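Student: I would like to learn how to read a structure like this one, feature by feature. Could you take me through it slowly?

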Amino acid sequence: MMLDRTLAQVGRNLSDAMRILGDGQRDPEAGEERWRLGRTSIPGPLQGDGQDVAAILHLVHNLIHDEDEGEDKPSQQMQNVGEQGHMALLGHSLAAYISVLDRERLRKLTTRILSDTTLWLCRLFRYENGSAYFHEDDRDGLVKVCRLVINARYEEYASEGYAVLSSKQPIIYQSASGRPGLGQHLCSQLGLPLSSLCTVPCNTVFGSQHQMDVALLDTLIKEDIEAGKLPLLLIVNAGTPGAGHTDKLARLKDVCDQYSMWLHVEGVNLATLALAQVTSAIMAATRSDSMTLTPGQWLGLPAVTAVTLYRHEDPALSLAAGLTCSQPVARLRALPLWLSLQYLGHNGIVQKIRHATALSQQLLQKLKAMTSIKTSGVASPIRPISGASLRDVLGSLLLSIVEDELSSPVVLFKFSQETSAASSGGSVEGYCEGEREVQDAFNRWLGEQLVQLVPSSGVDVVELEDEGTCVRFSPLLTAAVLGTQQENVEELAEKLTQLLPVMCSTMGLRQDFREEIHRHSPSLTYIQDLSWPGLGAVRYEPQTEGMDESRRKQQLEKINAELLKKLQDLDADIVFSTGPEFGTEEHCVFVGMVTEDVDVSELVETVAALGRDIEESGRLLENMTEVVRRGILEAEQQLQLANEEKLMEEGMLRQLPLVGSVLNWFSPFQSSIKGRTFNLAAGSLDSTEGTYSTKAQTGRPSLQETPTSSKKLPGQRLFRRSGAGSESFSETSSVGQAEEPTGRGGSTPSGSVHPPAEETAHTAGDEESRESSLQVHTPVEEEVTSEERQPEGQEAEPSGT
């Protein structure tokens, strides 16, 4: 059978479009003017002759990739579209082509596509005798289900409308760990008041803290029935959006059957229903009245609709609720999924889901072997239960832990360090204050680092009410799109192992850093910022006695800005910055992550010494400015007097241009006026007579070398304790200066902290001390007299600088 030529052309056009949009090579035949116009964001006029397909596709490519070419932004990579992704994209093109068929042929084709896809999904996810509704918005299926239940529970709703709801107000129950904003969206779409939404807490006796409290739900339902309300629907989770935990679906189904309520299930863990072995906690989802699936995310299919499977015997009510449609074109929404499922086959679908769950188990095993890392607490503290023995409680607790770990492909972990190790030598008193905020800041930093270091892992940062800030690994939502493999998980565990020592050492030295700053009070002030993932923040406080408030703030900002610049120029493995982008603290220096061999006392002493040097240099410059101003005024007066004396001695004839030169040639004039020098150190104008007589500048003091602050041995970095590494280093008592780097220079880039690498040794002769402040060693002299002419044959005199 020959393939329809139009159908084949659709496939070729899609292939060409993906090739052009993928590699972005410009067609040489396309005009340069069109190419240039395609790169601008300014809308242009519609061309009269039109453009070919290649030129239009290149225009789309430019709009996707080259819109921000001139800006310093990291390039955004597009989603990894595999062969199954191409089939999904082909389905969208075919849907438009099929829609032009005659009505009878279109009806038969769409019925076949819809029935096949429904049958495959029901068999894949063990949902017998179910119907399917395909929708773009993954919340739209639940909205339609709610309308179905309202039509079923209120017999006169079809004729009376919302007026019948006033007799018995419908109540929709959802978990406190459910999707944020889902209940409000339902009420908005259904025209119900927010009082029709009841959020059930997750205070369980044992098990996960993210599971709905079944006993409390039963109590809330009874109270609503006594108040004359109608319990309508219960929304439960097979994988909460944050932690990926599963509610007690079997018990919740029994409660719904008791009160004639509709049970709807959603969550990422529903994907595991396609596996050969399914836990009982997830298998209970097959008893629900409806469930929402997102196969596009699980299988890496772009622009594929979500699916809501439901069971209901009355097709008229389903049609009234919008779950079924009589329009054949609307049924074509299932076509991309129909093509993709056939391309992958049953084994390919199961393999992708099994691969994602295996990645989760692989990372979970790696995390359990790491100290200072805690996986998501799947069990809450045991509380006494009346009428239950300790063995029963422990058995139920163990069963809950095993069920949760095996059923959830979502791995949640965080960095956690006990406060007993909060300080290496100092006390831990006062550290517990704000410990939760500090831990959250460190975990936020950890997640951001892992995202940058291993982008193919797909980890992200989540904020949970009980656990705080955690790092989440959910391969069912990211692995198919990013192409995550086992080696990516190995790399993720390796990078995590490298970051943990730095985080532990920084957490342990925070209190020491605070105490060292207090010892340097009042010149240094410790800044309490619990949201900063690092050693801490410090501010240098200059002496501002007698200054007004505006002048004091200006001086404070200037000194701390210069201090930050000098610290960033040091040859150290520590990041110094201005702090968080949207932080509240200003005019201070934030110290980033540090390793365990950092000498906190030397670090703080260096900060204090540099601050003092900057402050003294500022005062010297202010004083020098005043001295130079007075010296210039005096020099102007001296120049004016010298010019008058010169005019009196030489006479008027020697001032004439031609006559003066001839007269000076016949009768050279020896002027008695000497030059002047301006001594910056003394702030005075001196005569140059002594300089001319000796032909050398006298009174110049010998060059004094500024004592270096900390003379390190070759290869040793700043702020490292002696004997901390494989080599022993000697230190001097002064820490006011930093040495000029001779090896690899510069500080570690902001936001990326790695353990220090091995450094090559340098000779001690190559080390040069760096000046950390402006100091005047010798008087700088400036001649302010006019140039004197020298007679012929006479040796030129020095100019007296």
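Predicted model: local features only at pLDDT ≥ 70, side-chain atom pairs only at ≥ 80, totals over all residues.

Student: How is a pair of aromatic rings described?

Tutor: In general, a pair of aromatic rings is described by two quantities, the distance of the centres and the angle of the planes. Here, the ring centres of Phe513 and Tyr526 lie 6.4 Å apart and their planes meet at 70°, so this pair is edge-to-face, an angle over 60 degrees being the cut-off for that class.

Student: Where in the chain do Phe513 and Tyr526 sit?

Tutor: Phe513 belongs to helix H18 (residues 486–519) and Tyr526 to strand E12 (residues 524–527), so that the pair, with its members 13 residues apart, links distant parts of the chain.

Student: Is Phe513 buried or exposed? And is Tyr526 buried or exposed?

Tutor: Phe513 counts as buried, with 2% relative accessibility, and Tyr526, at 13% relative accessibility, counts as buried too.

Student: Since Tyr526 is in strand E12, I would like to know in what order the strands of the sheet with E12 stand.

Tutor: The general idea is that strands of a sheet pair through backbone hydrogen bonds, either parallel or antiparallel. In this case four strands form an open sheet with antiparallel pairing, and their order is E12-E13-E15-E14. E12 and strand E14 (576–577) stand at the edges, where each has a single partner strand, so one side of each is left without a neighbour in the sheet.

Student: How many bridges join E14 and E15?

Tutor: Two bridges join E14 to strand E15 (residues 589–591), in the antiparallel sense, and within E15 it is Val591 that stands opposite Phe576.

Student: Which strands does a hairpin join through three residues?

Tutor: That hairpin joins E10 to E11. Strand E10 (residues 460–464) and strand E11 (residues 468–473) pair in the antiparallel sense over five bridges, and Leu464 has Gly468 in E11 as its bridge partner.

Student: What does Leu234 touch, not counting residues up to four places away in sequence?

Tutor: The residues that Leu234 touches in this sense include Tyr173, Met212, Leu217, Leu252 and Trp262.

Student: Is Thr117 buried or exposed?

Tutor: Thr117, which is found in helix H5 (residues 103–124), has a relative accessible area of 0% and is therefore buried, the cut-off being under 20%. Leaving aside neighbours within four places in sequence, Thr117 is in contact with Phe134, Ala334, Leu337, Trp338 and Leu341.

Student: How many disulfides does the structure hold?

Tutor: The structure holds zero disulfides.

Student: How many helices and strands does the protein have in all?

Tutor: The secondary structure comes to 22 helices and 18 strands, and of the 801 residues in the protein, 44% are buried.

Note on methods
Residues numbered from 1 in each chain as written. Heavy atoms only, no water. Buried < 20%, exposed > 50% of the residue type's maximum accessible area, 1.4 Å probe, protein only. Contact = heavy atoms within 4.5 Å. Pairing = 2+ DSSP bridges. Disulfide = S-S within 2.5 Å. Phe/Tyr/Trp six-rings, centres within 6.5 Å; stacked < 30°, edge-to-face > 60°.
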